[in-house]
Structures are given as C-alpha cells and as structure tokens.
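Notebook open, model loaded. I'll jot down what I looked up, one item at a time.

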Amino acid sequence: MEDKNPSSNTITFLGTGGARFMIISQLLASGGLWLDLNGTEVLLDPGPGSIVQATKRKLKPEKLSAIILSHRHLDHAADVNIMAEAMTQGGFNQHGWLFAPADAVETEPVIFSYLKNYLEGIEVLKEGKSYSIGNISFTTPVRHIHPVETYGMLFTAAGHTFSYIADSRYFDGLCQHYGGELLIINTVFLESRPPADNPLTPTDHLSVPDAEHIIRELKPKVAILSHFGMSVWRAKPWEIAERLSQQTGIKVIAARDGMRFDLARLDSI
Ligand SMILES: [Zn+2]
C-alpha cells in the first residue's frame, strides 16, 4: 500500500459495482467514493462493504467530516450506519454531518436514531442548493429521474471542479446542470432501456450511449465511468472507455475497484 501524500487531492473508488445483481454478487466491490480534498475527507454513497473497502485501503473513517448520500437505495446507502459509527468512533468523538435527500432521513430513515445523535447534524439535500463541509463545497443542481429522491453533485475543492452524476434516467437538461474538469458518471446499462410496465424492471439508469452523449455535450478534461451493472461489466468497461475516448476525443477512464484518481492529473491535460 502506497503512502498517502498529504498534499494530494484524491478521489478513491471504494467500489465500482452498481445496481442490484452486481451488488448482491459483489463481482465488483461497492462502497462509494472517498474524497480527500484540501485536507477535508468526505464519503459519498457508502454502499455495501464501504467499511471493509475503506479499512482495507488504509482510509481512516474517523477523519471523515461528512457522509453524503445521493439517494437511499441500498447500493448507495447500505453502510451509512456503520460508517457513521466509524466516523464518530462509536460515539466517543461526536462530529460530522450527514447530507441526504428528505426521503432518506424522514419517513423511513436509513440511519438509526441512536447514531444520529453521534453526528453534528443532518442536512437535507434539496434541488438547487449549495452546501459546504470544511474545504469542500458542492451543489445539488437538479433532482434526478429515479424511483427515489436523488441528486448528483457539482463539487468545488482544491482549485478544481468536478461533477458526480448519480443514478438517473437520462433527461433533457441533465447535462446543463453539470460541468467541471472531471465528470464521474454512474453508467449502469450497456444500452438504453425504454420505460417498462413492470416496476421490478429497472430502467431509470444511465447507459453507455447516455454517457457518450453527456461527455460530448459537457466536454470535460476527463470522464470516469463507474457504478457498472452486469451488462457493462460483461462488455469490459475498460474497452468501452477506450472506444469512447477515441470517439469523443476526451480522455475516458473506466474506474477500477480501489482506483485513486489524483486531481493534479487534470492540470496536465
Ligand atoms: Zn439507485
């Protein structure tokens, strides 16, 4: 394990699997994104295994200042309780915030009430609002089309801006809300799916053609695909990324479990 450079600004992909079959098989890990920017550490979307992946990679949950949930689905929120426990050292070091949409913390909260008391507070995410934690600030520009209340984020930190486009059906206007030098796109499907009559058939996710469209529209310096469903995984995400790089002329990377992306890479592009 390499030593962490304290001056680096990094995004660590604790897992790259997305949607139910990938998550229940753990063919790819899940666990979310660990942001370490300008001395502030934040965990985004702690799916199942977040505590396992974080500790395995020598990340220190007690250093977290906040946990952010894009939405309440299991692959994004299953480990929120254990990560709140770890962030606060079992309640002995009360601190840290939870940011989550209203439906994740109100009627059927994803976090136990005794753990809520360990936190400094809970901030409810709303469309078009801005938030800050330590040296990181972010906005939740638009509500996504997904079965539960869901937001992506546009982050500003350490002199960089980047977007995290969380789960959503593609819609006109999705692109206009996200920009920045780096785009992280949750790419669950290989092909777009039409809306289905059966509510058990998932359709409200971005596909590879959607990701290509978004990359062409937004022209980031780098795009990172992650949160792969089974169909994307079978098609080899690294080959998809290579093809998209050639087709769009923009550097597209397929995230790997444990990948650490240093934002300094953006300066040389
Ligand atoms: Zn979801």
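I began with the spacing of the zinc ion's donors along the chain, which reads H-x1-H-x72-H-x20-D. His 73 sits in the loop between β4 (64-68) and α3 (74-77), and Asp 167 in the loop between β10 (160-165) and β11 (182-189), so this pair ties together parts 94 residues apart in sequence. Helices here are DSSP runs of H or I with at least four residues, strands are runs of E with at least two, and both are numbered from the N terminus.

A note on ground rules: this is a predicted model, where local features need pLDDT of at least 70, side-chain atom pairs count only at pLDDT 80 or more, and totals for chains, interfaces and linings use all residues. Residues are numbered from 1 along each chain as its sequence is written, and side-chain values use heavy atoms, with hydrogens and water left out.

Which atoms hold the zinc ion? I found His 71 (NE2), His 73 (ND1), His 146 (NE2) and Asp 167 (OD), at 2.2 to 2.6 Å. Donors are N, O and S atoms within 2.8 Å of the metal (3.2 Å for Na, K and Ca); water is not among the atoms, so sites may look incomplete.

The angles subtended by the four donor atoms run from 89 to 175°, which makes the arrangement irregular. For four donors, tetrahedral needs all angles between 85 and 135 degrees; square planar for four, like octahedral for six, needs opposite donors over 155 degrees apart and all others between 65 and 115; anything else is irregular.

The cut-offs are under 20% relative accessible area for buried, over 50% for exposed and partly exposed in between (1.4 Å probe, protein chains only).

**His 95.** I looked this one up in the loop between α4 (80-87) and β5 (97-101). His 95 is buried, with a relative accessible area of 16%. A polar atom of its side chain lies 3.0 Å from the backbone oxygen of Asn 93. Leaving out residues up to four places away in sequence, His 95 touches Glu 62, Leu 64, Met 87, Thr 88, Tyr 118, Leu 119 and Glu 120; contact means heavy atoms within 4.5 Å.

**Helix α4.** Six of its eight residues are buried, so α4 is largely enclosed by the rest of the structure. The buried ones are Val 80, Asn 81, Met 83, Ala 84, Ala 86 and Met 87. After α4 comes Gln 89, with a positive phi near 50°.

**Phe 171.** Back to the loop between β10 and β11, where I found Phe 171. Phe 171 is buried at 14% relative accessible area. Not counting residues up to four places away in sequence, it touches Val 142, Arg 143, His 144 and Ile 145. Its C-alpha atom is 9.8 Å from that of Leu 206, 35 residues apart along the chain.

**Positive phi.** I also checked Lys 58, in the loop between α2 (50-56) and β4. Its phi is near 60°, positive in a residue other than glycine, and Lys 58 is exposed at 53% relative accessibility. Lys 236, in the loop between α8 (230-234) and α9 (237-248), has a positive phi of about 65° and is partly exposed at 35%.

Notes:
Polar contact = N/O pair within 3.5 Å; in protein donor to acceptor, adjacent residues only side chain to side chain.
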